[in-house]
Amino acid sequence: MNARSAGHWPDMGTQAPLSAASPALAGGAQAVDRALALLAAVGRAPPEGAPLSALAQAAGVAKPTARRLLISLMGAHLVEQDAGTRAYHLGAGAFLLGLRAGRRHDMAEQAADCVARLARDSGDSAFLLVPQGDEVVCLMREEGAYPIRTHALLAGDRNPAGVGAGGIALLAALPPDEAAATLERIAPATAARMGEAAAHLPADVALARERGWALNPGRVVPGSWGVAVPVLWPDGRPAAALTVAAVEARMGPLRQAELVRMMQAEAALIGARLARPLTPGASPAPQPTLRTAKG
């Protein structure tokens with residue numbers, strides 16, 4: 001979300017180069033993987049586009065290979081090249097695919113009214129966060145009426161998975177082995193973001209899994225507390241997290257329980273909306289029951 005300076009681009013993401021993929025990938029499958037890596041790199045480029053050398057580096061392929069695959073992507077209208085700068089951009093075909101995917105994946109549209117209600121009814125700051133690889137991105141922030149607010153998280157902010165109540169809730173919704181592997185993989189990033197408090201993350205995730213909701217007792221910013229619940233796809237995978245954050249004085253056990261009940265109701269509503277496009281003509285898939293907090 002943060003703009004990159006022209007002199008320091010192109011670190012276009014954290015994906016491993018495709019050259020490090022399994023040796024079992026060969027021929028056409030490997031070409032598809034490389035083409036998709038290039039497409040993703042073009043999508044992460046700044047507004048002025050990306051040069052061939054940067055895209056080849058991001059995808060871990062030689063420049064001739066990158067050029068050949070980009071020509072194929074241009075033929076499918078997924079990528080286009082600026083005639084003047086020779087930089088690559090996403091094409092009209094990618095835009096159309098994005099529109100078609102929007103009904104399922106535009107989480108902000110699916111959840112906007114829910115986040116607004118949480119902010120209104122709680123009086124505090126309400127957030128919508130989505131997982132993106134080993135990171136969590138804040139899509140929305142809505143302010144409540146309470147005059148003292150926490151500004152630990154803003155719309156557009158990106159953090160390592162597990163940072164904050166929403167990040168904990170998303171990790172806790174994963175299978176335990178997958179969550180543990182993620183925590184191990186991102187340990188340097190969480191330590192850089194949270195300092196010594198990062199050591200609490202495995203226990204925080206385990207407690208959130210047991211409860212069905214997550215608590216951040218000021219681990220990231222002292223005095224800024226948050227509670228969160230996951231929003232689930234019909235297959236049980238985490239799609240997003242709803243979070244309410246407030247100053248510590250407003251986050252006693254009884255209020256935590258009240259906020260969790262409110263968020264669970266909104267999470268169930270969003271989950272039902274996500275299920276409808278996947279099951280035409282059928283009732284929304286039931287959401288797993290999350291245990292409510294106890295005061």
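S6 and S7 form a hairpin with 6 residues between the strands. Gly218, in the turn, has a positive phi of about 75°. This is a predicted model: local features need pLDDT of at least 70, side-chain atom pairs count only at pLDDT 80 or more, and totals for chains, interfaces and linings use all residues. Residues are numbered from 1 along each chain as its sequence is written, and side-chain values use heavy atoms, with hydrogens and water left out. Helices (H or I, at least four residues) and strands (E, at least two) are DSSP runs, numbered from the N terminus.

**Strand pairing**

Two strands pair if DSSP finds at least two bridges between them. S7 covers residues 224–232. Its two pairings are tabulated here.

| Pair | Sense | Bridges | One bridge |
|---|---|---|---|
| S6 and S7 | antiparallel | 4 bridges | Ala214 with Ala228 |
| S7 and S8 | antiparallel | 9 bridges | Leu232 with Pro238 |

The S7 and S8 hairpin has 5 residues between its strands. There, Gly236 takes a positive phi near 90°.

How many residues of S7 are buried? The count is 9 of 9. Buried means under 20% relative accessible area, exposed over 50%, and partly exposed in between (1.4 Å probe, protein chains only). In a regular strand the side chains alternate between the two faces of the sheet. One side of S7 holds Ser224, Gly226, Ala228, Pro230 and Leu232. The other holds Trp225, Val227, Val229 and Val231.

**Nonpolar cores**

A nonpolar core is a set of buried Ala, Val, Leu, Ile, Met, Phe, Trp, Tyr and Cys residues joined through side-chain atoms within 4.5 Å. The largest has 31 residues. Among those with the most contacts inside it are Met107, Val227 and Ile270. Elements giving two or more residues to this core include H5, S7, S8 and H10. H10 supplies the largest share, 7 residues. A second, separate core of 28 residues includes Val136, Val163, Ala198 and Ala208.

H5 has 16 residues and bends by about 35° at Asp113. The bend is the angle between axes fitted to the seven residues ending there and the seven starting there. Buried residues of H5 include Met107, Cys114 and Leu118. Just after H5, Gly123 has a positive phi of about 80°.

Asp124 lies in the loop between H5 and S3. Asp124 counts as buried because its relative accessibility is 4%. Its side chain makes a 2.8 Å polar contact with that of Arg255. A polar contact is a pair of N or O atoms within 3.5 Å; within protein, one must be able to donate a hydrogen and the other to accept it, and residues adjacent in sequence count only if both atoms are side-chain atoms.

Conventions
Expected span 1.5 Å × (residues − 1).
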